[in-house]
Amino acid sequence: MPGILENLFLGCQVAFTVANLLYCFIGILIGTMIGVLPGIGPVGAISMLLPVTFGMEPVSAIIMLAGIYYGSQYGGSTTSILVNIPGEATTVVTCIDGYEMARQGRAGPALGIAAFGSFIAGTVGIMILMILAKPLSDVAIKFGPPEFFSLMILALTIVSYLARGSMIKAIIMAILGIVLSQIGMDIITGKFRFTFGMMDLLDGLGLVPVVMGLFGIAEVMANLEESGDLEIFKEEIKGILPDVKDWKDSIGAIFRGTLLGFFLGILPGAGIVSTFISYTLEKRISKHPERFGKGTIEGIAGPESANNSASSGAFVPLFALGIPSNAIMALLLGSLMIHGLQPGPLLIKENPGLFWGTVVSMYVGNVMLLVLNLPLIGLWVRVLKIPYRILFPFILFFCTLGSYSINNSVFDVLTMFAFGIIGYIFRKFQYEPAPLIMAFILGPILENSLRQSLIMSGGNFSVFIMRPISFTCLGIALFLLALPIFLRKRSRIFSRLE
Amino acid sequence: MERSLRKSDRISSLIWLIVGISFCAGSIPLKLWDFQKPGPGFMPFLSGALLGLFGLILFFSSTAAESAKGEKARGKGILIKKSKRRLVLSFSILFGYILLFEPLGFFFSTLLFFFFLFKLTDPKRWLTPFFSSGLAVIVSYLIFSVWLKVSLPSGILKF
């Protein structure tokens, strides 16, 4: 405990500088805005702002980018409640009861409980992150290359398993990410691979152009196809503070959602699932399950807490192991690497200021979000009214400038454009780009671990199954890969019996 | 819709197979194995082979699913024709912007980019897109070049 207090003090020294407070504020403001606006996700926004952070201190960059992430989780609920369109994938469930409450004239308490629930969950989530991350990284220091290789394979398998569409397609996306990450110079021998004599490819494909293309440009292309204006809740929003009955109904759901969200947030790709599980759990244990879907406040409190807590949980594997649990964390990992930091179990030990500064800034950010967001709901409603025809030229412009400014290279912008078209086709063919991005960032680390393990063992592949942690990770990954086949066979047998 | 998705799955699976095989072929000259340790071509070969393998799995699973259903319904096609014109024009403008970005310089290429995009969304007016694009380019120049010190191309017009 004294260790934690000492570290918190160090974190305060880092987070409470004028510059870092400002970056935290900018981050949560942008995060809330992109959360409110449907059509721009945190992945696109973070990749657009990544080049802006190059000149900053690493800790300031992470504070701002993290602020965008958890800020977007707050903002996403506003659109779900007022427009019945989820601002973020994690706020899909909030639409069910949130919009119903708004239709019944209770938009204020719905927005209020979403904000308070998010605040409580965010704060408790950070506390658990603070307690868990350090011991986990201490354990992870004992990991060797085989354990890291197997752990990354497990992470990519879980992301593919939890993908919304076909698991085979998600696995293909993950493998394609690894394939793309190998373009450029080989890190061990210095040989050039698949560069076709092009100078621009010597360092490989840039992270920012690929992400901006797949998320930013492809998103705009998809949205331009859709026409029609949003139907926004027009009545004046009154009484944002929930009353005693609202609190009584919600407080249990908030704490259950917090715990559930945090631990699911640690698992790769499970952040979105946490909101659905929280909603189902609340409905299952409720004395009045028939009220769910008709505007019950627990239906907002549980999932909203779960998604904010999951965003704190997602930082655990990033800081403790250097393994991202979703595409946003993969971008933060990329940002750490761009700033010359080596993500992994030694990150917290070698850069305590970065970790504790980020943790403290997340506390501060959560308070800022609560204080700012409730009075600013009117402003966010106005932001929602900005027509997409005005927004999309600016998104295209930011993507272009963001890609160009990294190396002052038109090749990077053309890469972004090409990946925009590829991302659009992926959407049409129902391929999810998130596993690709994760694998693209993890690819070089994965290859390094694999080759180091094989060098260690003299080319013997049994090194991966002779070590217990590595064996367990690969076993779980294999089980997850085989599970859909088993489930399909079982359902066929049952349908025949019926 | 489902039928056309399965057709697109088969097309994409063949693409993955080709990409996978190409990657395997390209990685062989890089040296796959170098005396008890993997060479620079090992990982590309492995990932290329896995990509091809999963491409095949996707191909057979989509074929099997369709023959199991035996459906004869005609799909509408994956690429539904909605507001395609706006999409194609917007992206042609973006492509033109990328190509002119360095030769024309930031200021004029961005002015033209915003002007054409605003004009596309508001075709009847001339003055509004003109002034809006002018304002957008000045504000973005001040933010990126003056404040954030992003190095922007000045182009042949030296501005």
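1. Two residues are in contact if their C-beta atoms, placed from the backbone, lie within 7 Å. By that criterion, and leaving aside residues up to four places away in sequence, A:Val413 touches A:Thr400, A:Ser403, A:Tyr404, B:Ile98 and B:Phe101.

2. Some conventions apply to this note. This is a predicted model, in which local features need pLDDT of at least 70 and side-chain atom pairs count only at pLDDT 80 or more, while totals for chains, interfaces and linings use all residues. Residues are numbered from 1 along each chain as its sequence is written, and chains are lettered from A and ligands numbered from 1 in the order in which they are written.

3. Where does A:Val413 lie in chain A? Its place is helix α19 (residues 410-428) of chain A; helices (H or I, at least four residues) and strands (E, at least two) are DSSP runs, numbered from the N terminus. A:Val413 counts as buried because it has 27 C-beta neighbours inside 10 Å. The classes are set as follows: a residue is buried if 20 or more other C-beta atoms lie within 10 Å of its own, exposed if 12 or fewer, and partly exposed in between, with C-beta atoms placed from the backbone. A:Val413 is 205 residues from A:Val208 in sequence, and their C-alpha atoms are 9.8 Å apart in space.

4. Chain B has five helices and zero strands, in the order α-α-α-α-α from the N terminus on. Of its 159 residues, 30% count as buried. Chain B is divided into domain 1 (2-69) and domain 2 (84-147), with bounds that come from an automatic or database domain assignment. The C-alpha centres of these two domains lie 41 Å apart.

5. Between the chains, 47 residues of chain B are in contact with 43 residues of chain A. On the side of chain B that touches chain A, α1 (2-27), α2 (42-69), α3 (84-104), α4 (106-121) and α5 (127-147) of chain B each supply at least two residues. α2(B) gives the most, with eleven residues. By class, this side of chain B has 29 nonpolar, 14 polar and four charged residues. Here Ala, Val, Leu, Ile, Met, Phe, Trp, Tyr, Cys and Pro count as nonpolar, Asp, Glu, Lys and Arg as charged, and the others, Gly among them, as polar.

6. B:Pro44 is placed in helix α2 of chain B. Is B:Pro44 buried or exposed? B:Pro44 counts as buried, because it has 25 C-beta neighbours inside 10 Å. Not counting residues up to four places away in sequence, B:Pro44 touches A:Gln182, A:Arg193, B:Phe23, B:Gly26, B:Ser27 and B:Leu30. B:Pro44 and B:Leu87 are 43 residues apart in sequence and, C-alpha to C-alpha, 36 Å apart in space.

7. α4(B) and α5(B) pack at an angle of about 140°, with their axes 8 Å apart. That makes α4(B) oblique to α5(B); angles under 35 degrees count as roughly parallel, over 145 as roughly antiparallel, 65 to 115 as roughly perpendicular and the rest as oblique. Axes are lines fitted to C-alpha atoms, for helices over the stretch in contact, and angles run from 0 to 180 degrees between N-to-C directions. The contact of α4(B) with α5(B) has ten nonpolar, five polar and one charged residues. Among those meeting are B:Phe107 and B:Lys119 in α4(B), and B:Pro129 and B:Tyr141 in α5(B).
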